[in-house]
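Let's take a walk through a protein together.

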Amino acid sequence: YIEADYWDMFAPVFRPYRDRLVLAAHWGSANHPGIARCRERFDDVLARAGKGYAEVGMMTMVDEERDWHGWAQESIAQLQRYKERGRIGAIGMSGHNPATAMHAVRSGLIDVLMFPINMVGHGDEELAALYQACTDQGVGLVAMKVYNGGTLFTASGKPSGITPAHCLAYVLSLPVATTVPGPKNAEEMGATLHYLEASEAEKDYRPVVGNLRERLAGQCVYCHHCLPCPEGIEMGWLIWHVDQTLARSVEELKASYAGFPAKGSTCTACGVCLERCPFGVDIPAKMRRAAELFEAQV
């Protein structure tokens with residue numbers, strides 16, 4: 001499995017620093033494999049990482065209510081045993097759906113929540129309630145996607161004026177335990193670490209948040225405020241596939257695109273999504289582009 005190849009390469013670098021690092025080891029993956037498979041992979045990661053221990057056993061992508069009431073409950077029962085045996089220190093969960101995350105936090109069954117937190121969610125009352133619930137329940141909140149996949153840095157192919165220092169300062173002003181920004185190369189890692197040396201002026205995100213919509217005009221940030229679509233199109237994800245072609249081949253993305261029941265060609269340009277989009281994205285044009293890229297017959 002893919003994680004094994006990763007740990008073969010990463011473990012020799014990781015192990016010398018193991019005592020100084022916090023390891024959140026994935027339990028499962030996006031497709032939520034059976035419990036026996038989760039346990040097999042989890043044990044392998046604990047062994048490869050050293051110490052046979054992880055600070056957090058992190059259930060992966062619990063986004064739907066059925067995931068929480070089904071696979072997650074089975075997984076929590078298993079992770080409780082790891083915790084009792086001293087093989088993990090805490091039970092964590094990652095997800096993207098605020099309603100499902102709120103159920104998990106209020107259940108008292110998780111110790112850590114990893115959730116997307118960035119400027120796009122500024123002023124969202126549902127998200128603010130989730131952050132407060134984590135504080136009230138003593139659940140450690142880990143902010144992921146603080147750059148929103150890099151979409152905060154550009155608008156229509158031009159720099160937005162938003163920097164990693166702005167993004168990190170904003171997220172760390174919230175009740176989070178830590179953040180995992182996810183730089184994809186050495187340059188981005190350097191820009192992220194610059195936050196530690198940035199001046200207060202560089203970190204002042206208030207002007208940026210104040211005119212976020214103007215800065216990001218025309219740029220899809222996958223906030224999904226355009227939904228629901230009358231035709232059942234998951235527009236944010238289809239636009240994501242279109243945008244990904246800037247860095248990846250169309251062929252590489254076609255299989256994933258094919259999994260969506262309603263595709264770009266289904267769009268009738270009714271305009272409902274345009275009324276909802278906070279950033280003025282030409283969504284029908286993006287749907288046409290998705291159809292051109294991924295639905296053309298070879």
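Which residues line the second largest pocket? One thing before we look: this is a predicted model. The lining is made up of Leu168, Leu172, Thr179, Val180, Pro181, Gly182, Pro183, Met189, Thr192, Leu193, Tyr195 and Leu196. Sort them by class and you get 9 nonpolar, 3 polar and no charged residues. The pocket has a volume of about 260 Å³. Who builds it? Helix H6 (164–172), strand S8 (178–180) and helix H7 (186–193) each give at least two residues to the lining, and the largest share, 3 residues, is from H7.

At its start, a side-chain oxygen of asparagine 97 comes to within 2.9 Å of the backbone nitrogen of alanine 99. What lies over them?

Most residues other than glycine have a negative phi, and most peptide bonds are trans. Now look for the residues that go against this. Histidine 32 isn't a glycine, yet its phi is positive, about 50 degrees. You'll find histidine 32 in the loop between strand S1 (24–27) and helix H2 (35–49). Is histidine 32 buried or exposed? Its relative accessibility is 15%, so histidine 32 counts as buried. Asparagine 148 is another case, with a positive phi near 55 degrees. Asparagine 148 sits in the loop between strand S5 (140–144) and strand S6 (154–155), and at 13% relative accessibility it counts as buried. As for peptide bonds, the one from leucine 227 to proline 228 is cis, with omega near 0 degrees. Proline 228 belongs to the loop between helix H10 (212–215) and H11.

Threonine 60 is buried, with a relative accessible area of 7%, whereas methionine 61 is partly exposed at 32%. A polar atom of the threonine 60 side chain lies 3.4 Å from the backbone oxygen of glycine 28. Leaving out residues up to four places away in sequence, threonine 60 touches His26, Trp27, Gly28, Ser29, Ala30, His32, Trp71 and Ser94. With its own neighbours within four places set aside, methionine 61 is in contact with Ala30, His32, Asp67, Ser94, Gly95 and His96.

Step back into strand S2 itself and you come to glutamate 55. Is this residue, glutamate 55, buried or exposed? At 19% relative accessibility, glutamate 55 counts as buried, because the cut-off is under 20%. What does the side chain of glutamate 55 make a polar contact with? Its partner is the side chain of arginine 18, at 2.9 Å. Apart from neighbours within four places in sequence, the contacts of glutamate 55 are Arg18, Leu21, Val22, Leu23, Ile88, Gly89 and Ala90.

Let's finish further along the chain. Proline 261, in the loop between H12 and H13, is exposed, with a relative accessible area of 78%. Its C-alpha is 8.1 Å from that of glycine 232, though the two are 29 residues apart along the chain. Then comes helix H14 (residues 283–294), with 12 residues and a reach of 16 Å from first C-alpha to last, close to the 16 Å expected. Which residues of H14 are buried? They are Ile283, Pro284, Met287, Ala290, Ala291, Leu293 and Phe294. Their cover includes helix H11 (235–244), helix H12 (250–258) and helix H13 (272–276).

Terms used. Residues are numbered from 1 along each chain as its sequence is written. This is a predicted model: local features need pLDDT of at least 70, side-chain atom pairs count only at pLDDT 80 or more; totals for chains, interfaces and linings use all residues. Side-chain values use heavy atoms; hydrogens and water are left out. Helices (H or I, at least four residues) and strands (E, at least two) are DSSP runs, numbered from the N terminus. The expected span of a helix is 1.5 Å times one less than its number of residues. Buried means under 20% relative accessible area, exposed over 50%, partly exposed in between (1.4 Å probe, protein chains only). Contact means heavy atoms within 4.5 Å. On a 1 Å grid over the protein atoms alone, a cavity is a set of points where a 1.4 Å probe fits but cannot get out, and a pocket is an open set with protein on both sides within 12 Å along at least five of seven lines; lining residues have an atom within 4 Å of a point. Grid points are joined across faces, edges and corners, and a volume is the space filled by probe spheres set on the points. Ala, Val, Leu, Ile, Met, Phe, Trp, Tyr, Cys and Pro count as nonpolar, Asp, Glu, Lys and Arg as charged, and the others, Gly among them, as polar. A polar contact is a pair of N or O atoms within 3.5 Å; within protein, one must be able to donate a hydrogen and the other to accept it, and residues adjacent in sequence count only if both atoms are side-chain atoms.
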